[in-house]
Structure formats: C-alpha cells, structure tokens
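This briefing covers a pocket and a helix. Please view the structure first.

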Amino acid sequence: MEKSSGNAGRPTLSAKRSKIGPNEKDALMLAVSRDLLTGTKTTGQALRFLRVELLSLNQEQYARMVGVTRKILSEIESDRSKANVCVLNRVLRGVGLYAAILPRDNFTKDELFKEFKYIE
C-alpha cells in the first residue's frame with residue numbers, strides 16, 4: 001500500500017522512488033555537474049532534479065530541511081529568485097552543490113577547463 005501525502009490522494013515522492021546506491025548517486029552528481037558547466041541545465045533545474053531524484057523530498061520538506069521558505073525554494077528552482085549567494089548556497093548544500101563563479105563566455109570557459117586537464 002502506497003503512502004498518501006494528503007495532496008489529492010497522490011503518493012508521496014518517497015513512495016514513488018526506490019533508494020539509489022552510492023554509484024548511482026555519484027553518476028547523477030557527475031551528470032548534473034556536467035549539465036551545469038555546459039549550460040544544459042540551470043541551477044534551479046539541477047536543484048529540483050537532485051532534490052527529487054536523490055532525496056525524494058517535496059519542496060516543503062526540503063525547504064524545512066535547509067532552513068528557507070517553500071516560496072524561496074520555488075523561486076530558486078524556477079530560476080526567478082533574487083536570492084543572495086548565502087541563501088543560494090544554503091539551499092544547494094542540501095544536494096551537495098554550491099554556487100561558483102565562472103566566465104559566461106564559452107571560449108574563456110573552455111580555455112579554463114583545458115588548463116585543469118593539465119593540472120592532474
């Protein structure tokens with residue numbers, strides 16, 4: 001029997017999801033990190049994806065966990081937020097991310113990443 005969330009009889013996120021292992025978690029984090037660096041996903045899209053896929057939490061539960069309001073979380077996930085870096089990092093920390101400053105120009109970004117390949 002599935003748990004009901006009280007939201008029109010829909011099952012909770014945790015009832016819909018199975019637990020993922022460490023290897024799957026690492027693969028998801030790498031994929032999302034690549035999407036963020038290449039601009040395929042926005043910060044809000046990445047946050048929402050990881051909140052659901054890794055933690056199986058709804059917005060209310062996650063907002064409570066990281067200490068912000070559901071409205072702030074919703075605005076960040078929909079990329080409409082004007083949250084400062086401290087708030088953004090508080091929200092991102094819950095899914096293992098943090099805000100970083102990168103050049104917007106793709107050429108400069110590519111050159112920067114080329115340099116990191118030689119550091120290893």
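The model is predicted: local features need pLDDT of at least 70, side-chain atom pairs count only at pLDDT 80 or more, and totals for chains, interfaces and linings use all residues. Residues are numbered from 1 along each chain as its sequence is written, and side-chain values use heavy atoms, with hydrogens and water left out.

**Largest pocket**

- By class, 12 of the lining residues are nonpolar, three are polar and three are charged.
- Helix 2 (22–38), helix 6 (85–93) and helix 7 (106–119) each supply at least two lining residues; helices are DSSP runs of H or I with at least four residues.
- Helix 2 gives the largest share of the lining, three residues.

**Helix 6**

- L88, N89, V91 and L92 are buried, meaning under 20% relative accessible area with a 1.4 Å probe, protein chains only.
- These buried residues fall within an arc of 165° seen down the axis of helix 6, so they line one face of the helix; the arc is taken from the directions from the axis to the C-beta atoms.
- C86 and R93, on the other side of helix 6, are exposed, that is, over 50%.
- Helix 3 (43–53), helix 4 (59–66) and helix 5 (70–77) are among what covers the buried residues of helix 6.
- At the start of helix 6, a side-chain oxygen of N84 comes to within 3.0 Å of the backbone nitrogen of C86.

Methods:
Nonpolar A, V, L, I, M, F, W, Y, C, P; charged D, E, K, R; others polar. Contact = heavy atoms within 4.5 Å. Polar contact = N/O pair within 3.5 Å; in protein donor to acceptor, adjacent residues only side chain to side chain.
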